[in-house]
Amino acid sequence: MLYFKLENGQDLAAAVQAMTDGKKAFRIWEGDTARTYDRRGLCTCCENIQADADAVQLRPDMDADALRNAHRIAAARETVRTKERRAADLLAMYSHPGVMLDYIRRELLSLVNVAYHSSGKIEGCHSVDGCASCEFCQKMIAAAGHNPLMICGSCYAARDAWKEIAWRTHTLNARILSTVLFTADELATLALGALCRINEDGDTVNEIHAQNILRIIVTHPHTHFGYWYKNAPAVATGLAAEGYTDRASLPDNVRFVHSSALIGFRVQPCWFDDYTFTVYPDAATVAEAVAAGAWECNGRRCRECKYHCYTGPRAAEVIDTAELLRCSKPDRARILAAYNARKAQQTV
Ligand code: SF4
């Protein structure tokens with residue numbers, strides 16, 4: 001069922017005609033009056049209920065393209081809403097002893113989204129993402145409110161309607177993968193290609209999430225993984241739980257990329273890091289880091305640097321990767337001022 005809502009006084013008949021596609025039933029709200037239509041646009045029910053949060057606003061000034069886009073957004077919301085509701089039911093059942101766990105686990109895993117990127121920065125890669133809605137990211141975003149140097153204050157997830165769908169899909173990923181510890185056999189069924197980014201969005205939520213990711217890596221030996229995280233303690237406990245105790249024991253097909261929470265300041269590497277990843281406030285600070293031995297990312301397409309963070313060397317010394325902060329001019333000036341102040345404090 002697709003959901004729409006009208007502005008006061010808008011032409012209902014025209015909206016019904018525009019949203020009838022011969023395939024999907026839909027509901028249109030005018031205030032608290034909800035009319036339900038079948039796929040042919042025939043009204044089947046009229047009731048008084050509050051508009052659903054997923055109802056897409058229709059406006060009288062929308063042209064044909066805008067109406068088509070509203071229809072696409074409503075369809076995408078319907079898909080993700082169905083998955084969210086099913087996952088919530090399954091997770092509730094999962095916490096009850098004595099239910100058919102295997103069946104529930106299999107269905108929950110089928111709700112985990114594996115994306116393929118046919119364009120953009122990680123073109124050619126699959127990704128298994130978490131979401132900035134997770135507990136860890138929310139804590140970091142809240143902290144960024146008091147510290148302009150925290151990169152989580154520049155998080156660009158969920159900025160537009162299509163990001164909203166990704167946000168909800170990835171929230172579901174994080175919820176499922178941080179709650180249910182899947183077996184290696186189960187995780188081996190995920191279809192991946194030659195390259196996979198872990199957490200293009202979001203972070204590792206907890207130990208269970210880290211264990212699931214590590215099991216995905218081990219069960220896909222022909223895939224090269226780039227595993228990004230700021231929540232290094234969760235990754236560390238996941239590694240310990242999976243029996244990894246030193247660098248020699250780590251799987252060969254993954255590079256661990258420890259992303260710094262502070263703009264311009266490299267994180268202290270952990271024992272399992274292959275690379276640190278630092279976003280620098282301007283071109284001069286990137287150049288300084290590169291002169292000191294960092295690999296330059298600068299937001300290039302990963303294809304152009306031959307997927308360094310997925311397939312680069314596992315050296316004894318952890319290399320930093322330097323990326324230029326993408327932001328507006330005023331934000332850069334503000335962040336640069338905070339960076340210079342902190343640098344000056346360090347040198348006192
Ligand atoms: S350094 Fe290369 S592989 Fe790593 S994020 Fe940047 S472009 Fe991608």
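Colleague: How many helices and strands does the protein chain have?
Modeller: Eleven helices and 13 strands. Both are DSSP runs numbered from the N terminus, helices being H or I with at least four residues and strands E with at least two. This is a predicted model, where local features need pLDDT of at least 70, side-chain atom pairs count only at pLDDT 80 or more, and totals for chains, interfaces and linings use all residues. Residues are numbered from 1 along each chain as its sequence is written.

Colleague: What share of the residues is buried?
Modeller: Of the 348 residues in the protein chain, 35% are buried. Buried takes 20 or more other C-beta atoms within 10 Å of the residue's own, with C-beta atoms placed from the backbone.

Colleague: Which residues have the most contacts inside the largest nonpolar core?
Modeller: Ile198, Ile213, Phe225, Tyr227 and Val257, in a core of 61 residues. Such a core is a set of buried Ala, Val, Leu, Ile, Met, Phe, Trp, Tyr and Cys residues joined through C-beta atoms within 7 Å. Helix H5, residues 161-177, gives the most to this core, with six residues.

Colleague: And what does Tyr227 touch?
Modeller: Leaving out residues up to four places away in sequence, Tyr227 touches Ile198, Ile213, Val254, Phe256 and Val257. Touching here means C-beta atoms, placed from the backbone, within 7 Å. There is also a second, separate core of twelve residues, with Leu6, Leu58, Ala70 and Ala74 among them.

Colleague: New topic. Which residues surround the ligand?
Modeller: Trp295, Cys297, Arg300, Cys302, Cys305, Tyr307, His308, Cys309 and Thr321.

Notes:
Near = placed C-beta within 6 Å. Contact = placed C-beta atoms within 7 Å.
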